[in-house]
Amino acid sequence: MNVSRYFAVTAWVLLFGGCATVGPDYAAPKIDVTPSYNDSDIKRSLGDIATKRWWENFEDPVLDELVQKGLAQNLDIAVAIERIAAAQATLRSKGVNAMLSGSAGYALTGSGANNAATTTTTATSLSGGIVIDLFGGIRREQQAAEAQLKAAIDDVGTARLAYLSELIGAYIEARYYQYAIKLTRDSIATREQTLDITQKQHTVGTGTELDTEQVKALLYAAQADIPNLEANYLAQVYAMATLLQTPASELDATMQRNAESISLLGLNLRTEYDTGIPADLLRNRPDIRAAEQDLIAATANIGVATADMLPSLELSGTVSDFGAGIWSFGPTLTLPIFNQGALAAERDVKVSEAKQAEITWRQTVLDAVEDVQSANSAWRRDREKVQLLKNSMDAYQRALDLSMQTYEAGVTTLLDLLVTDRSLATARLSFADALRTLSVDWATLQIALGAGADADADEE
């Protein structure tokens, strides 16, 4: 058979050998989700919110600056991005690159014996091969690699959301403790004023030493709360410093600027937020998208395992000693016979892994719906609680102002004043705690919706 006939056979195999693709084709699974969230009347789509910079609703320039810095340099996000590079390299190794093999060689050999001249011989060779994708196993491998690349990209969004949750959560906690310190110092100032009045009354004989000591005890109790609040504040600063890879001293200095004016009211209590519908999560939640890509890859791997059970064909050839024109070329057909049991078992493993991937995807969707409903219900009720506690705090403040006036005039007893003072201090801290919870739950809702998953650190 001459060379032209071999090449004709090759062309025929390449044209017709790779028509079949074994294994199931991926079909997106169906899942029934409620048309709207419980505790919500919204029934319209939210649209794409992956780039929404929702933390700017807090109207806090310091927070905006820290988030922008963190998104650009967080290590967890950097690792997730690096996994994309690995997935891209894996994809490049599939498809045509997986079908081709070959090498070129050159040998220089010296030989001789005692009392004999040394001789040198050379040999050159070129060999190559191509695997014919008879049943689509290589194409399925490429499909799996493409899905894994997309999953790696979605994993970056998941890492970004996790980072936003950690950083903004720590920031809210730090601001809460700063606010609690401010409120406690306000209480201290009030009690110092009460102590001054009591001491003056004791001096003129209208008050007693017991009155003075009771006020001192209340004052010292408030002062004793400051160190614990400061320690808790610094713990949050250290957590943020780790996330931001920033010296804690620099971050503390940034947080201390205008600390006395902190009110935790950056989030407008009248803010409304459209939660959209549960179906939006399939598009907006990166963990759901990644879970589906894992399912696509697992489905493709069934085809890979099925193709391994079928015959394989490789065309290979060599050319050596180019001057002499020595060559060889031909197909190799491999039939897996004695290992069919093991190959069938491996295919069954891939079928099971695909079923597991689908179950994981379904559970991820259900968990996401639960996340949104829980955060939304909590946030809606947080607003009611905050407003009521604010009313309570304002009422106690007015009561204390009146008590101070009547006590100084000798109308109200010290006991009544101290009770009102303690009640106001408690109401203030309860209000601050409710504001903290409101802010955390609102941030949790944004994370649950997938908002900000694709936010760019350089986006304006």
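Helix 11 of this predicted model is followed by G450, whose phi is positive, near 90°. The helix itself covers residues 414-449, 36 residues in total. From its first C-alpha to its last, helix 11 reaches 53 Å. That is close to the 52 Å expected at 1.5 Å a residue.

G410 follows helix 10, and its phi is positive, near 85°. Helix 10 runs from residue 340 to residue 408 and has 69 residues. Its span from first C-alpha to last is 97 Å, close to an expected 102 Å.

Salt bridges were examined next. Side chains of opposite charge can pair when their charged atoms come close. The count in this model comes to 18 salt bridges. One of them joins E173 and R436, with the closest N and O atoms 2.9 Å apart. E173 belongs to helix 5 and R436 to helix 11, so this pair ties together parts that are 263 residues apart in sequence. Both E173 and R436 are buried.

A further salt bridge pairs R185 with E230, and here the closest N and O atoms are 3.4 Å apart. R185 lies in helix 5 and E230 in helix 6, so the link spans 45 residues of sequence. R185 is partly exposed, at 38% relative accessible area. E230 is also partly exposed, at 32%.

An α-helix has 3.6 residues a turn, so residues three or four places apart point the same way. E353 is partly exposed, because its relative accessible area of 35% falls between the limits of 20% and 50%. Salt bridges that share partners also build a network, which joins E173, D433 and R436.

A235 sits in helix 6, which covers residues 209-244. A235 and A170 are 65 residues apart in sequence, while their C-alpha atoms are 9.1 Å apart in space. A235 counts as partly exposed, with 39% relative accessibility. I81 is found in helix 3, residues 75-92. I81 and A159 are 78 residues apart in sequence and 9.5 Å apart in space, C-alpha to C-alpha. I81 is partly exposed, at 43% relative accessible area.

The surface carries a nonpolar patch formed by L333, L335, I337 and F338. Together these residues have about 520 Å² of accessible area. L335 lies in the loop between strand 4 (326-334) and helix 10. Its relative accessible area is 48%, so L335 is partly exposed.

Rolling a probe the size of a water molecule over the atoms shows where empty space is left. The second largest pocket holds about 240 Å³ of space. Its lining has 16 residues. Nearest the centre of this pocket lie V131, D133, G137, I138 and D308. Strand 2 (119-132), helix 5 (137-204) and helix 9 (286-308) each supply at least two residues of the lining.

Key. Residues numbered from 1 in each chain as written. Predicted model: local features only at pLDDT ≥ 70, side-chain atom pairs only at ≥ 80, totals over all residues. Heavy atoms only, no water. Helix = DSSP H or I, 4+ residues; strand = E, 2+ residues; numbered from the N terminus. Expected span 1.5 Å × (residues − 1). Patch = residues over 30% accessible without salt bridge, like charges linked within 9 Å, V, L, I, M, F, W, Y side chains within 5 Å. Areas by Shrake-Rupley, 256 points an atom, 1.4 Å probe, with all protein chains shown as cover. Salt bridge = Lys/Arg side-chain N within 4 Å of Asp/Glu carboxyl O. Buried < 20%, exposed > 50% of the residue type's maximum accessible area, 1.4 Å probe, protein only. 1 Å grid on protein atoms, 1.4 Å probe; cavity = no way out; pocket = protein on both sides within 12 Å on 5 of 7 lines; lining within 4 Å. Points joined across faces, edges and corners; volume = space filled by probe spheres on them.
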